[in-house]
Amino acid sequence: ISAVLAGLGGALAAISIGHIDPEMSYWTTSGEFVFIGILAGTGSVLAPFLGAIIFETIRSFAYEYSPNTWQMALGTTMLLVIMFLPGGLWSLFTRMRKAA
């Protein structure tokens, strides 16, 4: 199932982008998905979408203001989430829902 979904994702990427670049298979690309999963948590189907939006926002601003050390901003964010929100950012929504 995983291989089929990966192949389908690659085919959709090729169709939407128009080409395939070898850099797309570099290990940091899969690391981004792990980062998004840790950042958002697994509390809901919507959590990865939240994580992807926040990841891209942090990466964009960090790269704009500190192009040589933007990875450090992402790493710091990941450490803070792991330390203070072990369930990911989605756990904030579940806490607010339980409190209400």
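**Chatting through the largest pocket**

Biologist: Hi! Which residues line the largest pocket?
Modeller: In this predicted model, the lining of the largest pocket is made up of Trp27, Thr28, Gly31, Glu32, Phe35, Phe55, Arg59, Trp70, Gln71, Leu74 and Met78.

Biologist: Which elements give two or more residues to that lining?
Modeller: Those are α2 (27-40), α3 (47-65) and α4 (70-84).

Biologist: And which one gives the largest share?
Modeller: That would be α2, with five residues of the lining.

Biologist: Nice. How much space lies in the largest pocket?
Modeller: About 250 Å³.

Biologist: How do the lining residues divide into nonpolar, polar and charged?
Modeller: Six of the lining residues are nonpolar, three are polar and two are charged.

Biologist: Good to know before I look at the coordinates. What is the mean pLDDT of the chain?
Modeller: The mean is 86, and 100% of the residues reach 70 or more.

Biologist: Which elements have the lowest and the highest mean pLDDT?
Modeller: The lowest belongs to α2, at 82, and the highest to α3, at 91.

Biologist: Changing topic: where is Ser91 found?
Modeller: Ser91 sits in helix α5, which covers residues 90-99.

Biologist: Is Ser91 buried or exposed?
Modeller: Ser91 counts as buried, because its relative accessibility is 14%, and the cut-off for buried is under 20%.

Biologist: What does the side chain of Ser91 reach?
Modeller: It reaches the backbone oxygen of Gly88, at 2.5 Å.

Note on methods:
Residues are numbered from 1 along each chain as its sequence is written. This is a predicted model: local features need pLDDT of at least 70, side-chain atom pairs count only at pLDDT 80 or more; totals for chains, interfaces and linings use all residues. Side-chain values use heavy atoms; hydrogens and water are left out. On a 1 Å grid over the protein atoms alone, a cavity is a set of points where a 1.4 Å probe fits but cannot get out, and a pocket is an open set with protein on both sides within 12 Å along at least five of seven lines; lining residues have an atom within 4 Å of a point. Grid points are joined across faces, edges and corners, and a volume is the space filled by probe spheres set on the points. Helices (H or I, at least four residues) and strands (E, at least two) are DSSP runs, numbered from the N terminus. Ala, Val, Leu, Ile, Met, Phe, Trp, Tyr, Cys and Pro count as nonpolar, Asp, Glu, Lys and Arg as charged, and the others, Gly among them, as polar. Buried means under 20% relative accessible area, exposed over 50%, partly exposed in between (1.4 Å probe, protein chains only). A polar contact is a pair of N or O atoms within 3.5 Å; within protein, one must be able to donate a hydrogen and the other to accept it, and residues adjacent in sequence count only if both atoms are side-chain atoms. pLDDT is the predictor's confidence in each residue, from 0 to 100.
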